[in-house]
Amino acid sequence: MKNNFSETPLLVFLRQQQIAHRLLLQDKPANTIEEAAKLRGIRPCQMVKCILLRDMDNQYALACVPGHLSVDPKKVRAHLGWKRMTCASSEHVWQITGYQTGTVTPLLLKTPLPVLFDPAIQNEQEITISSGHLMAGIAMSSRDLVTLVNPVFTVIHRNNPQ
């Protein structure tokens with residue numbers, strides 16, 4: 001089965017904005033960042049992981065870190081001044097972002113919300129975001145992504161011993 005990824009809203013948007021990008025197809029869905037990176041022929045640190053977080057007052061924020069790092073909810077909560085927060089349910093991810101879990105990208109979000117980028121995203125010249133589909137990613141300049149998203153930069157990754 002061959003999918004036509006060239007006409008997805010995200011790819012149309014990137015062409016309209018004249019953003020250089022490459023579509024990275026994979027032959028099967030991935031269960032982890034590491035698996036997706038391998039299928040796409042890239043390193044996990046080049047991937048942008050996007051996690052939708054919700055506070056107890058139903059406020060949402062999108063926290064984005066490089067794929068090899070984890071979002072630290074305490075750091076996000078401290079930055080936003082929220083008292084308690086949790087990861088959004090799959091149903092809320094779809095309702096708020098317009099993307100299914102595992103395909104969230106910081107572009108073309110259905111609902112306006114704060115988008116936080118960990119500065120480590122800029123460590124790579126070329127990064128990859130989800131195409132909005134489980135079977136493809138999009139490689140592009142980290143600088144172009146920052147220009148399109150205009151995120152708030154703050155350190156939000158866990159300090160995991162690696």
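Q: Which residues of helix α5 are buried, and what makes them count as buried?
A: In α5, residues 142-149, the buried ones are S142, L145, V146 and V149. Buried means under 20% relative accessible area, exposed means over 50%, and partly exposed is in between (1.4 Å probe, protein chains only). Helices are DSSP runs of H or I with at least four residues, strands are runs of E with at least two, and both are numbered from the N terminus.

Q: Before we go on, what sort of model is this?
A: It's a predicted model, where local features need pLDDT of at least 70 and side-chain atom pairs count only at pLDDT 80 or more, while totals for chains, interfaces and linings use all residues. Residues are numbered from 1 along each chain as its sequence is written, and side-chain values use heavy atoms, with hydrogens and water left out.

Q: Why do the buried residues of α5 line one face of the helix?
A: Looking down the axis of α5, the buried residues fall within an arc of 100°, so they line one face. The arc is taken over the directions from the helix axis to the C-beta atoms. As background, an α-helix has 3.6 residues a turn, so residues three or four places apart point the same way.

Q: What sits on the face of α5 turned away from its buried side, and what covers the buried residues?
A: The face turned away carries R143 and T147, both exposed. Cover for the buried residues of α5 includes β2, β5, β6, β7 and β8 (152-153). Contact here means heavy atoms within 4.5 Å.

Q: How do you know that the buried residues of α2 are on the same side?
A: The buried residues of α2, which spans residues 33-40, are A36, A37 and R40. They cover an arc of only 100° around the axis, which puts them on the same side of α2. What covers them includes β1 (21-25), β6 (126-133) and β7 (136-141). Just after α2 comes G41, with a positive phi of about 70°.

Q: Why is L107 called buried?
A: L107 has a relative accessibility of 3%, so it counts as buried. This residue lies in the loop between α4 and β5. Leaving out residues up to four places away in sequence, L107 touches L10, F13, L14, Y99, I129, L145, L148 and V149. L107 and I129 are 22 residues apart in sequence, and their C-alpha atoms are 9.2 Å apart in space.

Q: What makes K110 exposed?
A: K110 has a relative accessible area of 56%, so it's called exposed. K110 also lies in the loop between α4 and β5.

Q: Why are N58 and L108 called partly exposed?
A: N58 has a relative accessible area of 49%, so it's partly exposed. L108 comes in at 39%, so it's partly exposed too. N58 lies in the loop between β2 and β3 (60-66) and has a positive phi of about 60° although it is not a glycine. L108 is in the loop between α4 (90-97) and β5 (115-117), and its phi, near 55°, is likewise positive in a residue other than glycine.

Q: What makes something a pocket, and what is the volume of the largest pocket?
A: On a 1 Å grid over the protein atoms alone, a pocket is an open set of points with protein on both sides within 12 Å along at least five of seven lines, and lining residues have an atom within 4 Å of a point. The largest pocket has a volume of about 580 Å³. Of its 29 lining residues, the closest to the centre are I33, K49, C50, G102 and T103. α2, β2 (48-55) and β6 each give two or more residues to the lining, and β2 has the largest share, 6 residues.

Key
On a 1 Å grid over the protein atoms alone, a cavity is a set of points where a 1.4 Å probe fits but cannot get out, and a pocket is an open set with protein on both sides within 12 Å along at least five of seven lines; lining residues have an atom within 4 Å of a point. Grid points are joined across faces, edges and corners, and a volume is the space filled by probe spheres set on the points.
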